[in-house]
Amino acid sequence: MESKHDLITLPNGKTIKGIIMIENINLCPYVTLEWIIIETGLFIKNTFVESVDKKRFETINPSTGKVITNVAEASSKDVDLAVEAATEAFYNVWRFVDGKERGRLLNKLADLIERDLEELAALESFDNGQTLSTAKFIDVGKFAYTRHEPIGVCAAIIPWNFPILMQSWKMAPALACGNTIILKPSELTPLGALKIAALCKEAGFPEGVVNVLNGPGPITGAAIAMHMKIDKLSFTGSNATGRSLLKAASESNLKQVSLELGGKSPNIIFADSNLDQAIKWAHMGIFFNHGQCCTAGSRVYVQDSVYDEFLTKFKAFTESNKIGDPFEEDTYQGPQISQTQFDRIMRYIECGKEEGATLLTGGERHGDQGYFIKPTIFTDVNEKMTIMQEEIFGPVVAISKFSTVEEVIEKAHLTKFGLAAAVFTNDLTKAIKLSNELRAGTVWVNCYNLVNSRLPFGGYKESGTGRDLSKYALDQYTQIKTVQINLESHT
Ligand SMILES: *[C@@H]1O[C@H](CO)[C@@H](O)[C@H](O)[C@H]1NC(C)=O
């Protein structure tokens, strides 16, 4: 019924490599074609090519058990080439193509599919054994609707940096959508969730709707992640823990997982900004909550012409803020959460010095008890340094210089994270262009660290998946059901 050709001559005399010709298709009543011609290479950059290793594999007609033809087989090298092509096309071409033009191309493709419908249907029949009448099936009118339903039992693993706030980000949408919830607070901050639990009972939530389990991550957290009857897991915390939760979900019941895993956010300050305002926000951006914010603006890029002035004023402002007892009204900076975090931050500070950054201020313990660290500023940094790549989660900022927009965008993107970014400028066009360009879940313009429950919050790249807050959070706690009803009794 079909024959194999590696090289065939087309009716116009042209010879093409890697082509299949299927003859006698008109044995089939629906199809009038005499042959189907398709190229069998890999399709990369609009070209059919052999794979790098020149490997091919056969495809079988399930009706006869015979080989139809062979097609090029992609190895990791070919995957790299295709990803490179798709990346280039994404960043430099397709996302800039107007929606109208994208629509025109999709419609054009639909027209071509209709034009070649018989050929396509026949190919499906040869390749997969689908009957031609199915392959050409055109749907008749039905009544259909979708339902947004709760997912079921949701779990939330909450970080220690804003314990009650983070609990509300996850618990409120989960309950509002009709799910029940199991909360596991950080073992460093077990108390807030217990108080909220008592309030849930007092408010009259039925039993079992809200549950709180305290315990260590490797025990309680791991048991939650591996559980076969938890349908959804939402996590805010470290990259390493996020990965292990995702792995556990894949090894248990494929529970849905949404993750927010921190950042290394760039804060870009242009010479045409209001510099005193920029200094105030940049300071808050990194030192708010003692640097223990996922969104911390830990990489500050200042345009060269105002760099010296920025540095002098930023240093003076930083050193003027009071460190100490969090209960005292005029305290700006309290202690870090734990000895472990204190040690971790101090190790990063040592690492910054070893890798050649200049310590402008801070870099040491404050006082002789508790986990206080003086606000720390590094300069003379580059993107290869550990303190420019890893999330420190403490009062440590790295400040560097740039001259052009292109340069700062490139530097800003030299990170695996993509949670937040900020731009300071009084040039509206520049602000909007940069906000569009920066690969981050939140971009602030002339401000920093503002979070609003009506606005979605979450990360690009390795900063995570999914969004907390706003109506988008409701998507994280619902699943969608499609219902189709046949209204015709005779079909
Ligand atoms: C997250 O952890 C993985 C595995 O340890 C590591 O390769 C990656 O660089 C980390 N990502 C970030 C953004 O730090």
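Which residues of α5 are buried? The tour begins with that helix and then moves to a helix pair, a sheet and a loop.

The model is predicted, so local features need pLDDT of at least 70, side-chain atom pairs count only at pLDDT 80 or more, and totals for chains, interfaces and linings use all residues. Residues are numbered from 1 along each chain as its sequence is written, and side-chain values use heavy atoms, with hydrogens and water left out.

**Helix α5**

Select residues 163-176, which form helix α5; helices (H or I, at least four residues) and strands (E, at least two) are DSSP runs, numbered from the N terminus. Buried here are Met166, Gln167, Trp169, Lys170, Met171, Pro173, Ala174 and Leu175, where buried means under 20% relative accessible area with a 1.4 Å probe, protein chains only. These buried residues pack against β10, β11, α6, β12, β13 and α15, contact being heavy atoms within 4.5 Å. After α5 comes Gly178, with a positive phi near 100°.

**Helices α7 and α8**

Next, select 217-226 (α7) and 239-251 (α8), whose axes are 8 Å apart and meet at an angle of about 40°. Axes are lines fitted to C-alpha atoms, for helices over the stretch in contact, and angles run from 0 to 180 degrees between N-to-C directions. The two helices are therefore oblique to each other, a class left for angles that are not under 35 degrees (roughly parallel), over 145 (roughly antiparallel) or 65 to 115 (roughly perpendicular). Show Gly221, Ala225 and Met226 of α7 with Leu245, Ala248, Ala249 and Glu251 of α8, which make the contact.

**The seven-stranded sheet**

Now display the open sheet, ordered β17-β18-β19-β16-β15-β20-β21 with mixed pairing; two strands pair if DSSP finds at least two bridges between them. At the edges stand β17 (358-361) and β21 (442-445), each with a single partner strand, so one side of each has no neighbour in the sheet. From one strand to the next, the twist averages 25°. Centre on β15 (266-269) and β16 (299-303), a parallel pair with four bridges, in which Pro266 stands opposite Arg299. Helix α13 (405-412) packs on the sheet, touching β15, β16 and β19, and its direction makes about 175° with that of β16.

**Ser298**

Finally, select Ser298, in the loop between α9 and β16. Ser298 counts as buried, at 7% relative accessibility. Among the residues that Ser298 touches are Lys264, Ile286 and Val397.

Key:
Expected span 1.5 Å × (residues − 1). Buried < 20%, exposed > 50% of the residue type's maximum accessible area, 1.4 Å probe, protein only. Lists of a residue's contacts leave out its neighbours within four places in sequence.
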